[in-house]
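Subject: Structure handover

Hello,

Here is the structure for you to look through. Please open it first and keep it beside the notes below.

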Amino acid sequence: MINNADKSYITQKYHDPKKEFNPHRRFIRRDEIFDSTSGMDPDAIIAGIWEQDALCKDLPHPVRKAKAFAYVLKNTRISCDKRDIFPAINMIDRPLNRTVIAAWKKEVFGEIIPEVEKKRAYMLSNGIATIRPDYDHSVPVWERLLNLGFTGLLQESELARSQRTVLTPEQTAFFDGIKITYSAILDFTHRLEQQAKTDGNLRMAEALRHISEQPPESFYEALLVDYLYFMLCEHIEGMQVRSLSNFDRLFYKFYKSDLEKGVSEAQIRSDLAYFFLQFTAIGNYWNQPVYLGGCKEDESTQINALSYLFLDVYDKLRIYSPKIQIKIADSTPKDFVLKALDMIRRGNNSIVLVNDATIRKALEKAGATRSQARLCDIKGCYEYAVQGAIVSEMNYVNLLKPLEYALHRGCDGITGNFAGRKSPDAATYQSFEAFFAEYKKQLGFLIDQVIDTVNAFEDYLSYVNPQSMLSATSAACVSRGKDILAGGAEQNITVMEFGFMADIADSLTMIKKYVFDKKMLTLAQLRDILDGDFEGNERLRRIFLADRDKFGNNKPLPDALAKEIAEFVCGKVWGRPNAKVRNGTWDLGFHVARQSYEQAPHTASSPNGRLRGEELSKNMSASMGMNREGATAAILSVTKIDATAFAGDATLDMGLLPSAVKGEEGLEAMYGLLMTFIKRGGHAMHINVFDADTLRAAQKEPEKYQDLQIRVCGWNVLFNNISKEEQDGFIRQAEALI
Amino acid sequence: MKTALISDIKRFAVHDGPGIRTTVFFKGCPLKCRWCHNPEGISFKPQLAFYENKCIGCGECKKDGFTAQDCLGEARVLYGKETTVEELLPSLLEDKDFYETSGGGVTLSGGECLCQGDFCAELLQALKNEGIHTAVDTCGFVARDALHKVIPYTDIFLYDIKAIDEDVHIKCTGQSNKIILENIRYLDSLGKAIEVRIPYVPEYNADQIEKIAEFLRALKNVQAVKVLPYHNYAGSKYAALDMENTLPKILPTEEEIKKAEALLVRP
């Protein structure tokens with residue numbers, strides 16, 4: 001499939017193995033592998049961008065950015081080494097993000113809306129909400145890109161421009177941006193072709209020549225288009241590409257036609273292996289998502305021979321990026337699902353299982369047609385959207401903060417600063433219902449603040465970072481002559497992600513039981529104990545921890561509270577208008593990304609026994625170490641929440657013991673768990689198969705467990721590469737498994 | 001209302017019969033297998049175990065009226081809870097969706113569940129009324145009468161055979177295997193579905209495998225034969241229960257298990 005020399009070259013293509021690798025650093029590149037005659041020095045390119053832009057100050061941003069993009073493509077060093085079938089590009093350290101985009105961002109947040117930035121920064125530094133302009137979650141309309149190619153997209157945009165009798169200055173800028181950008185891509189593809197010839201890589205040269213003139217025809221050419229789009233859009237244009245398409249659906253025609261033309265399956269496997277390794281090599285911590293599966297128009301399965309081949313190749317490489325999401329429907333063949341589950345139990349836990357029916361229903365509720373919903377694409381760790389939609393979602397709200405406010409008359413539980421709404425003293429609540437009502441008021445107040453703040457800066461998304469590459473793939477943008485971030489998209493959605501559902505449901509459960517039902521202590525006493533981080537009150541903390549009424553265990557009280565909170569936030573957020581320029585609506589989800597760690601230090605200790613700063617619960621899973629009733633109970637709990645009520649994620653992170661999934665029975669049991677989750681309407685599930693002993697051993701002797709991977713929260717990492725604190729969290733989680 | 005003494009309930013049990021199951025562990029067993037991995041199931045009386053590694057020194061256990069539930073470190077565990085069918089049934093039905101999807105159900109195990117045969121019959125009948133697949137995991141050392149009571153409501157018997165030679169069986173378990181072998185022949189003659197399970201313990205019954213295979217060849221309704229490799233994970237339970245640890249030292253090798261399976265497992 002791939003020989004070791006080639007594999008070694010590719011995996012070192014972007015990183016020097018001798019230097020420490022930090023997957024969280026986005027601005028990386030590796031200079032040494034490039035011939036200096038193939039382009040300019042990277043620092044000179046950055047200087048050149050500034051010089052060129054200084055001469056274009058009067059031009060609109062889409063044009064200025066496109067010119068900067070073209071400048072980078074014209075001058076970056078390149079390599080088409082024979083050990084690889086995909087070209088290497090030197091300037092992948094996001095040069096536009098560091099130049100023009102950074103300048104416009106500074107202008108907007110520093111000069112135009114400084115008061116919004118102040119609010120945003122306050123929420124961030126106090127762990128209230130982590131919100132930022134989202135240039136991280138885009139998905140091109142792969143179908144159009146692969147059918148039309150770079151040339152076709154350019155022609156179509158020019159045709160749309162020519163058909164308009166009147167063009168506004170914004171529309172002219174929009175079409176100019178696309179023209180400059182795509183012309184630059186075509187020139188660049190020619191340049192790569194020449195380089196491939198120089199480097200003696202004739203197969204690559206021929207394919208590059210082809211895709212610079214017409215849409216891709218072969219499987220390899222389609223991979224090249226996918227790869228180049230990804231590299232240029234994410235690493236140079238400055239918009240992350242969060243999918244490689246619904247791969248088996250879109251690449252099957254290339255695969256089939258190649259086989260008919262006599263290309264061997266071994267060749268296709270090999271090409272796919274080289275393709276996968278590009279993403280492994282880039283090594284971004286968030287991993288690169290790709291969809292498999294789903295349904296055809298007649299609801300028969302989308303799984304085909306390529307889907308199986310895809311899993312086979314992936315399995316052999318033992319990698320975790322790209323990360324695979326499989327849309328599971330009633331028609332999905334059982335043997336395919338078992339194949340994926342078997343990979344998961346052998347440690348390929350980057351595979352996520354997604355409920356096709358649930359995501360389609362949620363999208364249809366949000367206005368998608370049946371067909372749009374069916375053809376939706378993955379656009380993040382678990383998030384999904386119709387093709388051509390733009391969904392910004394980096395708005396992570398801490399569900400525990402409103403609890404701090406409700407306990408402290410509107411003040412933060414750590415800083416004491418007034419940040420919520422004014423409310424009565426904790427001592428005055430006569431019933432749990434009254435206190436819960438206040439919690440919801442505080443939460444509603446926080447939601448309003450977040451919406452106001454996000455709407456204010458989302459008006460400027462396209463001003464800061466106009467999208468020529470992405471917009472051109474959307475038929476809606478091209479026909480409207482409008483940037484995808486400025487309302488041009490098919491759907492314009494902003495998502496609010498609510499974090500730590502289990503922690504809040506468990507905390508409220510403890511308040512109801514111990515303060516209002518058992519009257520073991522007063523709410524004011526509890527508040528003071530939390531303020532003291534349980535110091536001197538370890539016994540009480542242990543009572544809270546030992547109490548089995550915890551979300552994720554199919555217990556009526558915490559589950560009912562979680563459901564009520566989910567319905568409350570859905571009612572408060574879903575369908576609200578987002579930024580004027582975008583002219584879309586708000587939706588929501590329960591994805592936490594890294595916030596379990598990042599907001600934790602700013603979150604006061606909570607009534608479920610969690611100490612100040614301790615890790616917070618992930619996605620829709622039980623709080624840390626609290627899934628004591630096992631896998632079935634976890635599924636029953638999470639599926640009480642209607643995941644079709646919002647087009648965001650409600651993912652369950654499932655831990656299973658190796659002993660529970662061994663043998664044929666174990667595999668069938670995994671299948672039974674998954675299909676029950678699907679039948680009950682859950683959204684997505686990912687599975688970590690581990691036991692505490694193995695994790696402890698890996699912590700002690702990392703050298704012996706170099707390939708042990710863990711799914712964190714939407715992405716995978718090697719266990720050795722996470723902090724001791726995070727490792728301890730997984731060990732606690734594994735210890736609780738039954 | 002009949003009552004039974006239960007030591008534990010395990011959900012998502014995947015090796016106790018077909019599909020995803022909930023297993024109810026009954027307390028008390030007539031055998032004393034040297035390798036028993038559920039020592040909490042041997043005594044017919046409730047036992048308060050103490051897992052020392054979990055103790056946080058909260059001192060609750062020194063107070064009057066202490067029960068295991070009061071232990072804040074969850075170090076004290078009560079094995080042996082008196083329960084009724086009415087109390088038990090709702091928790092066994094919680095995972096009904098999983099049983100349906102996976103072809104699973106409920107398994108009664110132990111200890112030896114059929115030592116509390118009347119209760120088992122009542123529980124199994126209630127489960128059948130709910131349309132749940134039922135399995136009875138038995139050592140077979142039980143009165144014929146107890147078997148009779150549960151036969152109408154049991155879909156499959158998971159039946160342990162440890163040895164054919166009586167002296168070996170006595171050495172392993174403290175009891176003769178005469179009744180055990182008679183009972184399985186009887187169940188087989190009735191056409192009941194049986195899955196035979198053979199714990200493989202190198203120090204005790206390695207030489208019995210061929211004999212077991214021969215014995216099983218005469219039976220007609222054995223649907224599956226499973227070899228259960230002996231493991232010694234139960235050591236901490238013996239300590240927690242303050243019981244003499246009789247666990248053998250030698251673990252079976254993969255090769256031995258494969259060899260035993262080749263002799264026993266039917267295609």
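This is a predicted model: local features need pLDDT of at least 70, side-chain atom pairs count only at pLDDT 80 or more; totals for chains, interfaces and linings use all residues.

Residues are numbered from 1 along each chain as its sequence is written, chains are lettered from A and ligands numbered from 1 in the order in which they are written, and side-chain values use heavy atoms, with hydrogens and water left out.

**Chain A as a whole**

Chain A has 29 helices and 16 strands. Helices (H or I, at least four residues) and strands (E, at least two) are DSSP runs, numbered from the N terminus. Along the principal axes, the C-alpha atoms of chain A fill a box of roughly 80 × 60 × 55 Å.

Of the 738 residues of chain A, 65% count as buried. Buried means under 20% relative accessible area, exposed means over 50%, and partly exposed lies in between (1.4 Å probe, protein chains only). Among contacts (heavy atoms within 4.5 Å) in chain A between residues at least 6 apart in sequence, 77% join residues at least 24 apart. As a separate example of distance along the chain, Leu159(A) and Val478(A) are 319 residues apart in sequence and 9.5 Å apart in space, C-alpha to C-alpha. Leu159(A) lies in helix H6 (residues 142–163) of chain A, and its relative accessible area of 46% makes Leu159(A) partly exposed.

**Where chain A meets chain B**

How many residues does each chain give to the contact? Chain A gives 28 residues and chain B gives 19 residues. The two chains bury about 2,100 Å² between them, 57% of it on carbon and sulfur atoms. Buried area is the accessible area (1.4 Å probe) that two parts lose on being put together, summed over both. In chain A, the residues that lose the most area to chain B are Arg542(A), Thr632(A) and Glu665(A), together 27% of what that side buries.

There are six salt bridges between chain A and chain B. A salt bridge is a side-chain nitrogen of Lys or Arg within 4 Å of a carboxyl oxygen of Asp or Glu. Arg548(A) forms a salt bridge with Glu74(B), and the closest N and O atoms are 3.2 Å apart.

On the side of chain A that touches chain B, helix H23 (538–546), helix H26 (630–638) and helix H27 (663–679) of chain A each supply at least two residues. H27(A) gives the largest share of that side, eight residues. The residues of that side divide into 13 nonpolar, six polar and nine charged. Here Ala, Val, Leu, Ile, Met, Phe, Trp, Tyr, Cys and Pro count as nonpolar, Asp, Glu, Lys and Arg as charged, and the others, Gly among them, as polar.

**Two of these helices**

The buried residues of H23(A) include Leu540(A), Ile543(A) and Phe544(A). Helix H21 (501–517) and helix H22 (523–531) of chain A are among the elements that cover the buried residues of H23(A).

In H26(A), nine of its nine residues are buried. These buried residues pack against helix H24 (556–573), strand E13 (651–656), H27 and strand E14 (684–689) of chain A, and also against strand E1 (3–13) and helix H2 (96–102) of chain B.

**Backbone details**

Which peptide bonds are cis? One joins Ser321(A) and Pro322(A), with omega about 5°. Pro322(A) is in the loop between helix H12 (305–317) and strand E5 (323–328) of chain A. Another runs from Gly110(B) to Gly111(B), with omega near 20°. Gly111(B) lies in the loop between strand E6 (105–110) and helix H3 (117–129) of chain B.

Arg409(A) is not a glycine, yet its phi is positive, near 55°. Arg409(A) lies in the loop between helix H16 (401–407) and helix H17 (432–458) of chain A, and is partly exposed, with a relative accessible area of 49%. Ala593(A), also not a glycine, has a positive phi of about 50°. Ala593(A) is buried, with a relative accessible area of 11%.

Regards
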